[in-house]
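Let's take a walk through this structure together. Keep the sequence and the 3D view open side by side, and we'll go from the overall layout to the individual contacts.

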Amino acid sequence: MKALVCVKRVIDYNVRIRVKSDKSGVEKDNVKMSMNPFDEIAVEEAVRLKEKGTLTEIVVLSIGTESSQETIRTGLAMGGDRGILVKSSDEDIDPLNVGKIIKNICDKENPDLIILGKQAIDDDCNQTGQILATLLKYPQATFASKVEKNNDNTLNVTREVDGGLETIKVKIPCVITTDLRLNEPRYASLPNIMKAKQKKIDILDINELSLDLKKRVEILEVNDPPERKPGIVVPDIDSLVDKLKNEAKIL
Ligand code: AMP
C-alpha cells in the first residue's frame, strides 16, 4: 500500500506573528518556517504504518514556493521515501485549489491512503482534506486519533468528536486527517537527515497541471487581535465580588 502525505510550510508555531503595516497579511520575511504540526503527525503515522508493514511507500507532497523543498526534506528525514513539490510563486493558495492539485497528483500516483493534517495553523481553514475526499469521491476519516488496518481492505479510524471518540470503518482508498493525539512525531536523526538529501524530489510547475486555479477567496485585510487589558490583583473576596457585580456586571 502506498501513502501520499501532504505537508505545508507554515510560520513556526513558536514565532510571534506580526501583521504587516498595510494589513495585507502577516510578516514572513526572516521568520522561522516549519512543517505544519498536524502534518508532522501525518508523516509520523505513515512512517509507523510502514514500520508495521502496512505501507510499502510514502510519498511526501507539498505545494508552495521553492522553499517548500525544505519541508519535504524534513518529511523524508522522518521516513518518507520520495517527494513531490508542486511549485508555485503564490504562497496563499486556497483549500479548493490545494484540493484540486492534490487530486491531480493522486490521479497520477494512485495512493491507497492520503494523509493530511486536520488544519494548517496559518489559515486554520480545516477544509483541504474534506474537499479532497469529495473531489476524489473517496471516504474520509477526519480528526483521527487512532488508525488500525483490518485484514480486509478497510481501516478502523477513531475520531475525536464533540463529547468523545467515534470509531468508524472506512474502505481503502481513503483520506485521513490527523488530530493532535494520534501520535507524537519523532525528531529526525542526523544520519536520517543526511540520507534524506539523497532521496528524490520531483518538481512540477503548478501552471503545467492545466487546472482551473482561479482564486475564489480574497483576503480583504488582516488585523491583530484586540489587545487584552492587564489583570489586577484584588485584596479580598469581597472586592472581587464587588467588581464582578458592579464593573463587569456578570453577577
Ligand atoms: P487547511 O484546510 O488549509 O487547514 O489544511 C489542512 C491540511 O491540508 C494541512 O494540514 C496539509 O496537510 C494540507 N495542505 C494544505 N495546504 C497545503 C499545501 N500548500 N501543500 C501541501 N499540503 C497542504
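**A guided look around**

The secondary structure of this chain comes to 6 helices and 11 strands. What you have on screen is a predicted model. Its C-alpha trace spans about 65 × 45 × 40 Å along the principal axes, and of the 251 residues in the chain, 42% are buried.

Let's start with the ligand. It is surrounded by 18 residues, and the closest are Asp39, Ile63, Ala120, Asn126 and Thr128. Sorted by class, this shell has 8 nonpolar, 7 polar and 3 charged residues. Strand 4 (57–64) and strand 6 (113–117) each supply at least two residues of the shell, and strand 4 gives the largest share, with 3 residues.

Now zoom in on the oxygen atoms of the ligand. Alanine 120 has a backbone N or O atom 2.8 Å from a ligand oxygen, and for asparagine 126 a polar backbone atom is 2.8 Å from an oxygen atom of the ligand. On its own the ligand has 480 Å² of accessible area, and the protein covers 98% of that.

Next, find helix 2 (residues 68–78). Because 8 of its 11 residues are buried, helix 2 is largely enclosed by the rest of the structure. Among the buried ones are Ser68, Ile72, Leu76 and Met78. Just after this helix, glycine 79 takes a positive phi of about 140°.

Which residue does glutamate 70 meet in a salt bridge? The partner is arginine 9, at 3.4 Å, N to O. Glutamate 70 lies in helix 2 and arginine 9 in strand 2 (residues 9–11), so the pair ties together parts that are 61 residues apart in sequence. The glutamate 70 end counts as exposed, because its relative accessibility is 51%, while arginine 9 is buried, with a relative accessible area of 19%.

The count of salt bridges comes to 23, so let's look at a couple of others. Aspartate 90 pairs with lysine 215, their closest N and O atoms being 3.1 Å apart. This pair links distant parts of the chain, 125 residues apart: aspartate 90 sits in the loop between strand 5 (82–87) and helix 3 (95–109), and lysine 215 in the loop between strand 11 (201–205) and helix 6. Both are partly exposed, aspartate 90 at 31% relative accessible area and lysine 215 at 47%.

Glutamate 160 and arginine 181 form a salt bridge at 2.8 Å, N to O. Here glutamate 160 is in strand 8 (residues 154–161) and arginine 181 in the loop between strand 10 (174–178) and helix 5 (190–196), 21 residues apart. Glutamate 160 is buried at 18% relative accessible area, whereas arginine 181 counts as exposed at 59%. Salt bridges that share partners also join Lys2, Glu57, Arg82 and Glu109 into one network.

Over in helix 1 you'll find glutamate 44, which counts as buried at 2% relative accessibility. Its side chain makes a polar contact of 2.8 Å with the side chain of arginine 186.

Finally, turn to the surface. Ile237, Val241, Ile250 and Leu251 make a nonpolar surface patch of about 420 Å². Leucine 251 belongs to the segment after helix 6 (237–246) and counts as exposed, with 62% relative accessibility.

How values were computed:
Residues are numbered from 1 along each chain as its sequence is written. This is a predicted model: local features need pLDDT of at least 70, side-chain atom pairs count only at pLDDT 80 or more; totals for chains, interfaces and linings use all residues. Side-chain values use heavy atoms; hydrogens and water are left out. A residue is near a molecule or strand if one of its heavy atoms lies within 4 Å of it. A polar contact is a pair of N or O atoms within 3.5 Å; within protein, one must be able to donate a hydrogen and the other to accept it, and residues adjacent in sequence count only if both atoms are side-chain atoms. Accessible areas come from the Shrake-Rupley method with a 1.4 Å probe; for residues, only the protein chains shown count as cover. Helices (H or I, at least four residues) and strands (E, at least two) are DSSP runs, numbered from the N terminus. Ala, Val, Leu, Ile, Met, Phe, Trp, Tyr, Cys and Pro count as nonpolar, Asp, Glu, Lys and Arg as charged, and the others, Gly among them, as polar. Patches are made of residues with over 30% relative accessible area and no salt bridge: like charges are joined within 9 Å, nonpolar side chains (Val, Leu, Ile, Met, Phe, Trp, Tyr) within 5 Å. A salt bridge is a side-chain nitrogen of Lys or Arg within 4 Å of a carboxyl oxygen of Asp or Glu. Buried means under 20% relative accessible area, exposed over 50%, partly exposed in between (1.4 Å probe, protein chains only).
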